[in-house]
Amino acid sequence: MTAKPKFAMYWAASCGGCEIAVLNTHEKILDLDANFDVVFWPVAMDAKYKDVEAMEDGSILLTLFNGGIRNDENEHMAKLLRQKSKILVAFGSCATEGCIPGLANLSDVREIISTAFNTITTDNPNGIYPMTSYDMPEGEIHIPTLLPVLKTLDQVVDVDYFMPGCPPESQQIAAVIDLVIQVVHGKAELPPKGTVIGAGNSTVCDECKRTRNVKVIKSFERIWNIAQDPALCLLEQGIPCNGPATRSGCNARCPTAGAQCIGCYGPAEGVVDYGARLISAFASVIDAKEPEEIDRILDGLVDPIGQFYRFSLAGSLLKAAVPAWKKEKA
Amino acid sequence: MTQHITIDPITRLEGHGKIEIFLNDEGDVANTYFQIPELRGFERFCVGRPVEEMPLLTNRICGVCPEAHHMAAAKAADAVYHIDPPHTAKLLRELLYSAFYFTDHTTHFYALGGPDFVMGPDAPVAERNILGVIHKVGLETGGKVIQARKFGHNVVEIIGGRKVHPCTSIPGGLTKGITEDERKQIEEMGRWAIEFAQFSLKLFNDIVLGNKQYVDLILGDFYTHHTYYMGTVDENNKSNFYNGMVRVVDPDGKEFAKYAPKDYAEHIAEHVEPWTYLKFPYLKKVGWKGFVDGKDSGIYMATPLSRLNASEGMATPRAQEEYERFYSTLGGKPVHQRLAIHWARLVELLYAAERWVELATDPEITSPNFHTIPTEKPTEGVGCVEAPRGTLTHHYWTDERGIVTKVNLVVGTTNNYAPMSMSINKAARSLITKGKVVTEGMLNMVEMAFRAYDPCFGCATHSLPGQMPLEVTIRDAKGETIEVLKRD
Amino acid sequence: MSNEKFEPVIIGFTCNWCSYRAADMAGTARMKYAPNVRLIRLMCSGRLDPTFVMKAFANGADGVLITGCHPGDCHYVEQNYKALRRFLLLRRVLTQMGIEAGRLKLFWASAAEGAIFAAEINKFVEEVRALGPLTWPTEFQPIASIPIMQEVTA
């Protein structure tokens, strides 16, 4: 009896939503279990880092890696799992483009730490901060070092496939599981390396059922400040919806529920920098010609960097803001 | 010569953690350290974001309980805008929340906590997981567990727009309501949920309480700590997950404090240690006395057990019956045995299901009045809910445009960081003593010490491989490996 | 103090019909203007994709210039207004990224305005010189050895 191919799923700096999304494939998870040997999945079973290190290189057929690379332990695990896996998938928005934790790249990493350790409820009169290596009376103990910026998976290792979404939609995950099982049984071929899988080839607007007209934006509104028309395009109502630049595959869930698309499915096909394209889209449909009028309309976008780079900062062309890397002048 | 055992990573919790165990020359435990090695920085990078995005951004703190962060953030954003959402919006939010609680507690009990109990802590490793549970209780039950999760997430999707990371809460209410059709579906699923919760309690009763060995384990001193207990209660001091006053009782069960969530900073402070990225909340008025039990130590626990201890009952009839049976079986209030958290979680499971149906049959639930436009200037606000793991507080300050200028979060599991550390310490000290060889059974029982708290991510797959490999490396002071214990 | 003067590297996106011809005219007429600007010709300023600007800064530019036809004179009728709107929005985003507003400039020049073109270039080069080099990193090093994580003395 041939052994089942090995499967692993690992989380770096993540929230666990990707794991839940996999579980929300419901009965499909039993197919995964029937066709694979789960060898490493910290949320679910007790294999340790040592066990991964002991595995033969390339012995894990498929590893789903979610979470951003925030500290040196994340980076070590990314490299280790790359070594041990045949197919490494950057799974979810954190691994593919940085996602929400990537917003930390707007700040000096030291501020990330100092803010957490100086909140109004924090009792820290001696100004203690975490130390990566600390001598306790019994011995030395360690915690990982935060990297200067959060990185995407493909910024540290070679990645075979990318699966976007925060989290990837469960029906998309189920389809990918099915495909991989077919491949294992020799009934299907894997797509070319580097392909974005589990997502569509268009934008969220294409999946959205709201009525769309030619856009003439005369103002941007805050979503809580209007009585929304549930049948009309949100952007046309002045709500800054990221649909135009965001990859399809989610069935436009959020606009269907009355909330603006915030861009969790990442850039559409062929887009190098998500934020840049969305900037272009929004600017193109503003209905003004005079600089003063344009500025007045743009004032309605109260947080441009968040609007355009909410999920994609770490994976963008600039990757991080100046405070994250610039040494102060002596 | 100090021996040093590292468990890394801890598995079956949300996020990352590791345990360091140091032995002294005699071979007894000198000390243990439960370290959290990660920090992402939400309190920093949410600054500059519009406050209406906080329910969406803070979702990503945790993908298992985004609903908790979403609701705490929604309530905080309402408070920032000094707006009271319409009654229907509050009903819908609490309905979503009840269904979420049901799903979350189900996954923890059946896939995480349950195996230790249903199979037993000394059961062969190959059986001590959800598969073993299914074999013992039957495939039909396995299917029910999947259905329970499915139903809960379906309700979250109907009201919240998505299954993971809901998107419909905005300052002043929601972006959508529900139709009568949707309401009927939700009600039907809720009635099934009540049956499933009762089924789960019966299962616990038969398999766990019917077994003297397990009862001894639950009641034993091993996993017992006498601390303060925190939960949220309604105006009748009955437990409520979504709204109410925060109530703290002392180790004797007497009310120690009862405060509005917005006053949390007068009651809670967070202690810092330099060897971990997470802080240790404690009661300010008692003070930080170290990792010790007792009335003089400010350490308090959140968790389902704490909520039951801190309340005077459950607000729905079947859950109330179970609440009474719980305390009469365990010898009265408060209950200090940490393994009883698993049982308390099932009482809450039943309450969540009953509340689900209550809300789904409220005459206002399908009203189109689900949003009021805020008109006041935004300033500052606190939003608080009971996350399944404990009291969750979001506190935002904004400028006059509603852009966040400062954030403070005290998160559910964080409340339990000190109690968990103590539980691990006590379990390790009791298990690992001079002359004893460290076995894998001992290691599992150390794990059970933190697993009872359901550290945020209590979710496991519906099926696990037969093995639960665990490796313990015992090194001498020079770092040389003395022994490597493997449990495959 | 170094004797070497900082020479800004500037990428200039010019439109084929007006501003590129203005640059041409300046050159043909031997008007002196700073050599710091590397010109990239687009058919229209409306072709300016913000991605180009991001890429320029990410790859070492200290400043980026966008030029086009005067409002009303666009060869493709109204596309220079798109460039204007993109420029104004881009500048807000870049400022939040810590890139000073003065590093991105937009001006209009007709084909006959070679002198104006040269003068604007010179002015911009000096403005960017005063701001100093941007030197956007390709690898992000720790700003310091995270001094926040220091030995706590008992």
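Helices (H or I, at least four residues) and strands (E, at least two) are DSSP runs, numbered from the N terminus. The legends below use these element names throughout, and they describe a predicted model.

**Figure 1. A cis peptide bond joins Lys333(B) and Pro334(B).** For this bond, omega is about -10 degrees. The proline, Pro334(B), has its place in the loop that runs between helix H11 (317–330) and helix H12 (341–360) of chain B.

**Figure 2. Chain B and chain A share an interface that buries about 8100 Å².** Of the area buried between chain B and chain A, 61% is on carbon and sulfur atoms. Arg44(B), Pro274(B) and Tyr277(B) together supply 9% of the area that chain B buries against chain A, which is more than any other three residues contribute. Counted by residues, the contact involves 100 residues of chain B and 92 residues of chain A.

Figure 3. Side chains of opposite charge can pair when their charged atoms come close. Between chain B and chain A the count is 5 salt bridges, and 32 residue pairs, with both residues at pLDDT 80 or more, are in polar contact between these two chains. On the side of chain B that touches chain A, helix H6 (residues 139–160) of chain B supplies the largest share, with 5 residues. The residues of that side of chain B divide into 46 nonpolar, 25 polar and 29 charged.

**Figure 4. Strand pairing links chain A to chain B.** Strand E6 (residues 122–123) of chain A pairs with strand E9 (residues 268–271) of chain B in the parallel sense, over 2 bridges. Within this pairing, Asp123(A) has His271(B), in E9(B), as its bridge partner.

**Figure 5. Three strands of chain B form an open antiparallel sheet in the order E12-E13-E14.** Strand E12 (380–387) and strand E14 (404–410) of chain B stand at the edges, each with a single partner strand, so that one side of each is left without a neighbour in the sheet. From one strand to the next, the twist averages 15 degrees. Strand E13 (residues 390–398) of chain B is joined to E14(B) by 6 bridges, the two strands running antiparallel, and Tyr396(B) stands opposite Val407(B) in E14(B). Helix H3 (residues 66–80) of chain B lies across E12 and E13 of chain B, and the helix runs at about 155 degrees to E12(B).

**Figure 6. A four-strand open sheet of chain B has mixed pairing.** The strands of this sheet follow the order E8-E7-E6-E11. Strand E8 (255–259) and strand E11 (300–301) of chain B are the edge strands, each of which pairs on one side only. Strand E6 (residues 228–233) of chain B pairs with E11(B) in the parallel sense, over 2 bridges, and Tyr228(B) stands opposite Tyr300(B) in E11(B).

**Figure 7. A salt bridge in chain A connects Asp287(A) and Lys218(A).** The side chains of these two residues meet at 2.2 Å, taken from N to O. Asp287(A) lies in the loop between helix H10 (274–285) and helix H11 (291–298) of chain A, whereas Lys218(A) lies in the loop between helix H8 (204–207) and helix H9 (253–256) of chain A, so the pair ties together parts that are 69 residues apart in sequence. Over all chains of the model, the count comes to 54 salt bridges.

**Figure 8. Asn251(A) has a positive phi value.** Phi of Asn251(A) is near 65 degrees, a positive value in a residue other than glycine. Asn251(A) has its place in the loop between H8 and H9 of chain A.

**Figure 9. Chain C has 4 helices and 4 strands.** From the N terminus on, the elements of chain C run β-α-β-α-β-α-β-α. Taken along the principal axes, the C-alpha atoms of chain C fill a box of roughly 75 × 35 × 20 Å.

Conventions. Residues numbered from 1 in each chain as written. Chains lettered and ligands numbered in written order. Predicted model: local features only at pLDDT ≥ 70, side-chain atom pairs only at ≥ 80, totals over all residues. Heavy atoms only, no water. Contact = heavy atoms within 4.5 Å. Buried area = accessible area lost by both parts, 1.4 Å probe. Salt bridge = Lys/Arg side-chain N within 4 Å of Asp/Glu carboxyl O. Polar contact = N/O pair within 3.5 Å; in protein donor to acceptor, adjacent residues only side chain to side chain. Nonpolar A, V, L, I, M, F, W, Y, C, P; charged D, E, K, R; others polar. Pairing = 2+ DSSP bridges. Axes fitted to C-alpha atoms, helices over the stretch in contact; angles between N-to-C directions.
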